[in-house]
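Have the viewer open as you read.

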Amino acid sequence: MSIGVSIGGGALQVGAAPDLRVSPLAKRAGLKAAERRIGWLFMAPALVAFAAVILFPFLSALGLAFTRYDLQTPEPVFIGLRNFSEIAASPEIRQSFVVTFVFVSLATLFTIILALAWAIILNQPFRGRALVRTATIIPWVLPSTVSAFIWAWIFNSRFGLINAAMLELGFISQPVAWLSTSAGAMTAVVISKVWISIPVTMTFFLAGLQSVDREQIDAARVDGAGDFAVLRDHVLPHLRPVLLVVIVLAVIGNLQQFDKIFALTGGGPVRATTVLSIEVYRRAFDSWDIGMASAVGLLWVATIIPPAYFYLRHLLKGV
Amino acid sequence: MLELSSRSARILFAAAATALALFLFSPVYWLIASALKPNAELYRVIPTLWPQDPTLIHARTAFERGNLFLNLRNSLIVSGGAALLNTILAAYAGYSVAKFNYPGRRPVMILLLSAQVLPFGLLLITIYPVMVGTGLLDTHLGLILASIVFALPVSTYMLYSYFSQVPSEMIEAARADGAGELRIFHTIVLPVSIPAIVTVFLYGFMWSWNDLLYSMTLIVSEDKRTIGPGLLLNYLNETNADWGGAMAASIIASIPIVVAFAFLQRWFIQGVTAGAVK
């Protein structure tokens, strides 16, 4: 699928061919050099900005990962791999990897399942569908702080909606302080992230669903295929390429997630929701241990590289 | 598109649709309902599902407490600036890759796109000392410059795919008429690409408006603070119990971005999904 907005005013008239005074070959060589130069000129502003706020910071963090650079050490001192051996020996940081793994797996799994279901539902004709589709986008565009407030209020230990519902239904007899327990905080963080991710994930599936072959389904129907058989044998296989991209994007997004978790739990209680993004932030901006923060950050990047590789390979097919 | 033939499928479908709709929309409803309830109604273990006695008192206290107006104004400056800068950079870069054939454009594109997968938090570690060194820490300009990180890669890709569809004949014709390259881009390519430009502007705006990490780290003074950290520092701490105010302030902070999306949603969705579902 490409951007579906058509180019307006396409009926521009082609002007008369220019009078060629130089030989066509020399002209073409000149054009090529000019094209190269102008191409780079157009690219230059973005490249400068890119180098300043992305490439340079990344490369310096890469270098700092091999130094001691903290409050006691005002200038970075090269210490080889010592930060990494310290990481390997630290149960705290190991726990951050485990927490990240749990968060990313759960959030990705539920996002994919629920977004797929919601896309299939929104692909069915019903009254008010356009409105529902538009409204679906809301969780995704809300500021991080706002979505964190909403879920913190819903999971509130004294007046929260979850406690009220579970008390009414008899699942619990006392209000539970969800955000103060490890499992409760992780549940809240996963649920809120899934809630935020469904809209955009759903859109990818919906785009895929709209190109499902009608005739193929009609033919299957004539052959007596039931609803679930059609779904299993015709609709879902059609979505496989989209599914791969969506999973990769969801994994990358969840690995990078900081704002929503930080605003909702701050990484707590204790370290129960301290994923790598929060680990790096705390080490850098709470304890000002830049060397360690960079080293953890480097390992964090390493976890993102495999899904990123698949994503970029897919995206760059056309360039 | 999938006419359901069996009753069990229809029941399952209706149940799944109801459950998912509840999950997606009830938190938003709860945000609005809670903002409208007076305190006596808000703080109950078993809440009322519908505000019995709706009030706008929380919206008023939200404006009185903290610097909501100032935060909104700062966010507007930073997000507007970041979106503008991002759109300009992405437009030139996207055009370069789409319409100029030179060796190096593919590696450059890979480099730009790979930035999308770098964690923002890691970059911040070294952006921070640079901001301190250049005197840009705690300035809106510094935050605007750093905000390029969020949207530049995807924006460049979005505009690249859009510009690729602009017929090259239009550009060739203008060249033959002797128009300069910049003029061609500004007067021929950009005017037919308004939808894509608006989409990318909005995309950059949204990232910046919704950001917490950079705006809470790179802005220190209270009077320059943007809406994300502003809300967080005002409401989310152990001693605060003003949930009504937090909900009302949240709604106010969300209105600009939600309204923008309501109008531009169609363009936007096409733009964002374009890259991934080719």
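You will find Trp288(A) in the loop between H13 and helix H14 (290-315) of chain A. Have a look at its backbone too: phi of Trp288(A) is near 50 degrees, a positive value in a residue that is not glycine. As background, most residues other than glycine have a negative phi, and most peptide bonds are trans. Please keep in mind throughout that this is a predicted model.

Which form does the peptide bond from Gly268(A) to Pro269(A) take, cis or trans? This bond is cis, with omega near 0 degrees. Pro269(A) sits in the loop between helix H12 (259-264) and helix H13 (276-286) of chain A.

Asp138(B) lies in the loop between helix H6 (120-133) and helix H7 (140-146) of chain B. With 15 C-beta neighbours inside 10 Å, Asp138(B) is counted as partly exposed.

Now step back to chain A as a whole. The chain contains 14 helices and two strands. Of its 319 residues, 42% count as buried. If you take the contacts in chain A with a separation of 6 or more, residues 24 or more positions apart account for 68% of them.

How much confidence does the predictor attach to chain A? Its mean pLDDT is 84, and 90% of its residues reach 70 or more. Among the elements of chain A, helix H3 (residues 91-122) has the highest mean pLDDT, at 94, while helix H9 (residues 214-222) has the lowest, at 81. Over residues 1-21 of chain A, pLDDT stays under 50, and the model has 35 contacts beyond four places in sequence for this stretch. Where pLDDT is low, the predicted coordinates should not be read in detail. For chain B, the mean pLDDT is 87, and 92% of the residues reach 70 or more. The model as a whole scores ipTM 0.88 and pTM 0.87.

With those scores in mind, turn to the place where the two chains meet. The contact draws 102 residues from chain A and 107 residues from chain B. Which helix gives the most to the side of chain A that touches chain B? That is helix H1 (residues 24-64) of chain A, with 18 residues. By class, this side of chain A divides into 73 nonpolar, 22 polar and seven charged residues.

The axes of helix H4 (residues 68-99) and helix H8 (residues 148-164) of chain B come within 7 Å and cross at roughly 40 degrees. The crossing of H4(B) past H8(B) is right-handed. Residues making the contact include Leu85(B), Leu89(B) and Tyr95(B) of H4(B), along with Leu152(B), Leu159(B) and Phe163(B) of H8(B). Sorted by class, this contact has 14 nonpolar, six polar and one charged residues.

A second pair in chain B is helix H9 (residues 168-176) with helix H10 (residues 181-189), which pack at an angle of about 130 degrees with their axes 10 Å apart. That angle makes H9(B) oblique to H10(B). Here too the crossing is right-handed. On the H9(B) side, Met170(B), Ile171(B), Ala174(B) and Arg175(B) meet Ile184(B), Ile188(B) and Val189(B) of H10(B). This contact has six nonpolar, no polar and one charged residues.

We finish with one more residue of chain B. Is Ala33(B) buried or exposed? Ala33(B) is buried, because 20 other C-beta atoms lie within 10 Å. Ala33(B) belongs to helix H1 (residues 7-36) of chain B. Leaving aside residues up to four places away in sequence, Ala33(B) touches Trp50(B) and Pro51(B).

Terms used. Residues are numbered from 1 along each chain as its sequence is written. Chains are lettered from A and ligands numbered from 1 in the order in which they are written. This is a predicted model: local features need pLDDT of at least 70, side-chain atom pairs count only at pLDDT 80 or more; totals for chains, interfaces and linings use all residues. Axes are lines fitted to C-alpha atoms, for helices over the stretch in contact, and angles run from 0 to 180 degrees between N-to-C directions. Helices (H or I, at least four residues) and strands (E, at least two) are DSSP runs, numbered from the N terminus. A crossing is left-handed if the near helix is turned anticlockwise from the far one by less than a right angle, and right-handed if clockwise. Two residues are in contact if their C-beta atoms, placed from the backbone, lie within 7 Å. Ala, Val, Leu, Ile, Met, Phe, Trp, Tyr, Cys and Pro count as nonpolar, Asp, Glu, Lys and Arg as charged, and the others, Gly among them, as polar. A residue is buried if 20 or more other C-beta atoms lie within 10 Å of its own, exposed if 12 or fewer, and partly exposed in between; C-beta atoms are placed from the backbone. pLDDT is the predictor's confidence in each residue, from 0 to 100. Angles under 35 degrees count as roughly parallel, over 145 as roughly antiparallel, 65 to 115 as roughly perpendicular and the rest as oblique.
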